[in-house]
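Dear colleague,

Please find the structure below. My notes on it follow.

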Amino acid sequence: MSRWSHRHIIDLSNFSLEDYRSVLELANKFKALPQTGARKLPTLQGRLVTTLFFEPSTRTRSSFELAARNLSADVQSFAPTSSSLNKGETPLDTALTYVAMGADILVVRHSSPNVPALLAKSLEKAGAQTKILNGGDGLHSHPSQGLLDLYTLAYHFNSKEPTTNELIGKRIVIVGDILHSRVARSNLWALTACGADVVLCGPPSLLPEAFTKFVDNPPPGQTLDPIGQRGKIFIIRSLKEALHGADAIMTLRLQKERMNQNLLSDLYRYHVDYGVTHESIKWCEKKVPVMHPGPVNRGVEMSGALLEDQSICLVQEQVTNGIPIRMALLYLMASSEINEH
Ligand code: CP
């Protein structure tokens, strides 16, 4: 396993192939733990992991808390609705409060992009040793979701040895509201890094042409892309054409809470054009898995029947795999020697 060099985990644009490999290798060990009779590891005993979620979550927060407990960490959970945010306290002062209580890792979710990055900078400036793990920020990034999706795909293609190699040359189709999706952005960094080609499919209002160049340059503030050669990104507007030759399909939730204008007036029409169903997956030339990060708008981006068909739909497996992936991230962050931020 390579030496882990990330102090904070904010997004996946600065992950090397070795980083992806380390996460998948560890996650695979943690996934196999129950078979050895072990439910918990003592690795993070005495460490405090705090989930600082300013935006709602079912999967990510619970999964991080379970992952932390599986590594014997103490877990502290912040409830925004009953917190002093309502008295005007800022996210930074809230974070500093938990730092003062001894948090070693803050898992942060916020509806505004870059809040986790800004908190990381501010905590460093304040001399705090606490590390920040992004649990989803606006439409920017959701790194643990991108990694659990990557692992779920690698495991689907080769459950005996689920490595990044399983993605080389694969054609992964992402359908839906790409524009508002931090999951899509994290998946674009992860999948192309591992050598997959990504086909994006959706209406122009939810999928601007510029997305074909999404991974061409590192984001502002990052000088280098650690990946030498990435897979390609294509846009195909017709779902039928996009699914031709697919190896896997990812559907995305329509993020109505992030749409600041009425980009979609007709949900029925959207389902007819972009909804993934047992009928539409026949356009793939073989049986392929269908994924969704959740929560799902049943009957909009995916039919209820397909969601419940576990011979095709990997949604439950994604949730299950979130635990070992988040254990791997907490483990790597807590045990790393820091070379870079
Ligand atoms: N996929 C995801 O982030 O789900 P939650 O919003 O429930 O955490």
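**Domains and ligand**

In this predicted model, 28 residues of domain 1 are in contact with 30 residues of domain 2, where contact means heavy atoms within 4.5 Å. Domain 1 covers 17-141 + 319-340 and domain 2 covers 143-315; these bounds come from an automatic or database domain assignment. Taken over C-alpha atoms, the centres of the two domains are 25 Å apart.

Residues are numbered from 1 along each chain as its sequence is written, and side-chain values use heavy atoms, with hydrogens and water left out. Because the model is predicted, local features need pLDDT of at least 70 and side-chain atom pairs count only at pLDDT 80 or more, while totals for chains, interfaces and linings use all residues.

Where does the ligand lie?

- A polar side-chain atom of Thr-60 is 2.6 Å from an oxygen atom of the ligand.
- A polar side-chain atom of Arg-109 lies 2.9 Å from an oxygen atom of the ligand.
- A polar backbone atom of Pro-293 lies 2.9 Å from a nitrogen atom of the ligand.

The ligand taken alone exposes 260 Å², of which the protein buries 92%; accessible areas come from the Shrake-Rupley method with a 1.4 Å probe.

Yours sincerely

Note on methods. A polar contact is a pair of N or O atoms within 3.5 Å; within protein, one must be able to donate a hydrogen and the other to accept it, and residues adjacent in sequence count only if both atoms are side-chain atoms.
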